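I opened a new notebook page for this chain.

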Amino acid sequence: MLLTIDVGNTHTVLGLFEGEDVIEHWRLATDARRTADEIAVVLQGLLTQSPLLKGADVDGIAICSTVPSVLNEMREMCRRYYGDVTAVIVEPGIRTGVPVRMDNPKEVGSDRIVNSLAAIDQYGGPCIVVDFGTATSFDAVSAKGEYVGAVTAPGIEISVDALAAAGAQLHKVELVRPRSVIAKNTVEALQAGIIYGFAGQVDGIVERMAAELADDPDEVTVVATGGHAALVVGESRSIDVHEPWLTLMGLRLIYHRNTT
């Protein structure tokens, strides 16, 4: 089985593949202070406690990370505890099959390349990937499968935290759909502003990106992923597909491109 690990700024998502299917998955808080030994303990605990795995062995590992300190510990964890397992880490020199048409390709986060690869493989191009993470990332991929550009906006969680910190009478609220857009209380007013505000932001940015990306914007497939995607997908008119495991799917593809 292939273990895929996507280390983000806020959360780390792990998925276990049997063939092309995700058969088990976990979401953890990303902790830059966690050592390789601690990561190994957590990982082995998850693998042994899952009722779905029944003692299955990991025979491959694929990792991407936007947090350099965590990546170093992940690398050490693989060396010490999974030394006999082939590990592929997405970094310069790894074959992804995605040409990067940016002023400085090294500035592009590995997760964005991984997402683009998975989107092209699943849905073809041109496409736009909207990743609702710590930041809300918009990645444009051409019909040829090239990574051609991006938009980055503050993420939902960051925006909620900033609003609660700056407003004396405001506080963090549960992120759920309110009863109506025009709210009757402070909590629902905040929920409406967050959910419908981000849905409007996504539609506006995607519309402009699609117009630049293709002669016919209707040909552009918009794929949503990330921890907060489910909040916005139902309220956005521009998102075509919600794929929560897009990054993990891309890691599986990269693993096989570099090991077969």
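How do the residues of the lining of the largest cavity divide into nonpolar, polar and charged? I found ten nonpolar, two polar and two charged. My classes were these: Ala, Val, Leu, Ile, Met, Phe, Trp, Tyr, Cys and Pro are nonpolar, Asp, Glu, Lys and Arg are charged, and the others, Gly among them, are polar.

**Ground rules.** I noted that this is a predicted model, where local features need pLDDT of at least 70, side-chain atom pairs count only at pLDDT 80 or more, and totals for chains, interfaces and linings use all residues. Residues are numbered from 1 along each chain as its sequence is written, and side-chain values use heavy atoms, with hydrogens and water left out.

**Cavities.** I worked on a 1 Å grid over the protein atoms alone: a cavity is a set of points where a 1.4 Å probe fits but cannot get out, a pocket is an open set with protein on both sides within 12 Å along at least five of seven lines, and lining residues have an atom within 4 Å of a point. Grid points are joined across faces, edges and corners, and a volume is the space filled by probe spheres set on the points. I found two cavities of 30 Å³ or more. The largest cavity holds about 140 Å³ of space. Its lining has 14 residues, and nearest the centre lie Thr 12, Leu 28, Arg 34, Ile 39 and Met 74. Helix H1 (36-49) gives the most to this lining, four residues. Strand S2 (11-18), strand S3 (21-29) and helix H2 (68-81) each supply at least two. Helices (H or I, at least four residues) and strands (E, at least two) are DSSP runs, numbered from the N terminus.

I turned to the largest pocket, with about 600 Å³ of space. It is lined by 30 residues, and Gly 8, Asp 131, Phe 132, Gly 133 and Thr 134 are the closest to its centre. Helix H7 brings the largest share of the lining, three residues. By class I noted eight nonpolar, 15 polar and seven charged residues in the lining of the largest pocket. The second largest pocket has a volume of about 390 Å³. Among its 16 lining residues, Glu 91, Pro 92, Pro 105, Val 108 and Ser 110 are the closest to the centre.

**Strand S7.** Is strand S7 (residues 135-141) largely enclosed or open? Six of its seven residues are buried (under 20% relative accessible area; exposed is over 50%, partly exposed in between; 1.4 Å probe, protein chains only), so S7 is largely enclosed by the rest of the structure. I then checked its partners; two strands pair if DSSP finds at least two bridges between them. S6 (residues 127-132) and S7 are antiparallel over six bridges. Cys 127 has Val 141 in S7 as its bridge partner. Two residues separate S6 and S7 in a hairpin. S7 also pairs with S8 (residues 147-154), antiparallel over seven bridges. Asp 139 is bridged to Ala 150 in S8. This second hairpin has five residues between its strands, and Gly 145 in the turn has a positive phi of about 85 degrees.

**Thr 259.** I found Thr 259 in helix H7 (residues 246-259). Thr 259 is partly exposed, with a relative accessible area of 32%. Which residues does Thr 259 contact, leaving aside its neighbours within four places in sequence? They are Thr 86 and Val 88 (contact means heavy atoms within 4.5 Å). The C-alpha atoms of Thr 259 and Ala 87 are separated by 9.2 Å, though the two are 172 residues apart along the chain.
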